[in-house]
Amino acid sequence: MAITGAPELLIVMGASATQDQVDEVIARLDEAGCSAFVTPGREATVIGAIGERELLATLPLEGFAGVEQVLPILKPYKLVSRELSPDPTVIEARGRRIGDGYFGFIAGPCTVETRDQTLETARAVAAEGVTMLRGGAFKPRTSPYAFQGLGDEALEILQEARAETGLPLVTELMDPRHVEAVVPVADVIQIGARNMQNFMLLAEVGRADKPVLLKRGPSASVEELLMAAEYVAREGNERIVLCERGIKTFERTTRYTLDLGSVAVLKHETHLPVIVDPSHAAGRRDLVLPLARAAAAVGADGIIVESHPSPEEALCDGPQQIPTAEFGEFAREVRQVAELLGKQIG
Ligand code: PEP
Ligand code: MN
């Protein structure tokens, strides 16, 4: 259900509060012309009160039976904040999971180039027990002369790869005009870094019945990323995975600067799973493993990495793709760090 206003107040119910007591608070908010957004938690139920801040301040909510605390939500992002939903969100697609104790290991080609290249990569990553298969059908390219992806044909190939491996598909939606083609096929809809603040597109996926993988824009702040996620959530879709993929800085030795600090901050600020893309951040294959390990160590809920049977022939992002022949070793190293943190591959 789409949310029309921003939750302004947090009503924390006591651990022993009854459903009747929760309902009474909701009824009182209703009566005052406000509304409620209820999050049942492990420890306690939290009610987000939506309405004019001044009006909410006049309601004697603290005096209601079962209410433990009433706090203003000061952050500009509300639905995605940890304040409103303290328990971590787990995203699920076709029985595979990302978040909490589940480390989402997403792997596959940058771009679907041919049927053989895609199926070979899908088989190689599936054999290592990854969580989901990635692959671009519609590609955002810096140059209009570069390969733009196979489009609908790529979506057919991806479905074949899914049928064979059982892996859920992660693929990018670039334009609201592609919703009909991409959304029914994707198990997780990727919103690319360049589209992080394409607000019409965010609203589209907010209305879709599929999880969303939202990548941080190369020049976007952490707060802007969370506000972009809020655009999706307010349309009713809270199945969002955030992705740190490197930002633009003065540094030239890596393609982007991987901001691992943002992962630690995001884990603090939001209940949504946070994953890392070491491939696009590094831009070179030899750095992908150390960055992937670091991502797991900092507490990321997963990674998304690119792999190709012969990267030297890749039509896109060849220098950073891990040869499928080396993928097994790569996966084992990453898995070790994730397990060290008490996580299992989702
Ligand atoms: C990708 O994942 O293929 C991609 C284009 O990434 P980004 O949007 O982060 O550049
Ligand atoms: Mn790529």
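This report walks through some strands and helices of the structure above.

The model is predicted: local features need pLDDT of at least 70, side-chain atom pairs count only at pLDDT 80 or more, and totals for chains, interfaces and linings use all residues. Residues are numbered from 1 along each chain as its sequence is written, chains are lettered from A and ligands numbered from 1 in the order in which they are written, and side-chain values use heavy atoms, with hydrogens and water left out.

Let's begin with the open sheet. Four strands make it up, in the order S2-S3-S1-S4, and their pairing is antiparallel. Strands here are DSSP runs (E, at least two residues), helices are DSSP runs too (H or I, at least four residues), and both are numbered from the N terminus. Two strands pair if DSSP finds at least two bridges between them. Strand S2 (35-40) and strand S4 (67-72) stand at the edges with a single partner strand each, so one side of each has no neighbour in the sheet. From one strand to the next, the twist averages 20°. Inside the sheet, S1 (residues 7-13) and S3 (residues 45-50) pair in the antiparallel sense over five bridges, and valine 12 has valine 46 in S3 as its bridge partner.

Now look at helix H1 (residues 19-31), where you'll find valine 22. Is valine 22 buried or exposed? Valine 22 counts as buried because its relative accessibility is 5% (buried means under 20% relative accessible area, exposed over 50%, partly exposed in between, with a 1.4 Å probe and protein chains only). Leaving out residues up to four places away in sequence, valine 22 touches Met13, Thr45 and Ile47; contact means heavy atoms within 4.5 Å.

Next comes strand S7 (residues 102-108), which is mostly covered, with six of its seven residues buried.

| Strands | Sense | Bridges | Residue pair |
|---|---|---|---|
| S7 and S16 (residues 344-345) | parallel | two | phenylalanine 103 and isoleucine 345 |
| S7 and S14 (residues 302-308) | parallel | five | glycine 104 and glycine 302 |
| S7 and S8 (residues 132-134) | parallel | two | alanine 107 and leucine 133 |
| S14 and S15 (residues 322-323) | parallel | two | serine 307 and isoleucine 322 |

To get from S7 to S8, the chain goes through helix H3 (residues 115-127), and this β-α-β crossover is right-handed. That word means that, with the strands pointing away from the viewer, the path from the first strand over the helix to the second runs clockwise.

What about S14? Seven of its seven residues are buried, so S14 is largely enclosed by the rest of the structure. Gly302, Ile304, Glu306 and His308 point one way from S14, while Ile303, Val305 and Ser307 point the other way. In a regular strand, side chains alternate between the two faces of the sheet.

Finally, the helices. The axes of H6 (residues 199-206) and H7 (residues 222-234) come within 7 Å and cross at roughly 45°. That makes H6 oblique to H7 (under 35 degrees counts as roughly parallel, over 145 as roughly antiparallel, 65 to 115 as roughly perpendicular and the rest as oblique). Axes are lines fitted to C-alpha atoms, for helices over the stretch in contact, and angles run from 0 to 180 degrees between N-to-C directions. Where they meet, Phe199, Leu202, Val205 and Gly206 in H6 touch Ala228, Tyr231 and Val232 in H7.
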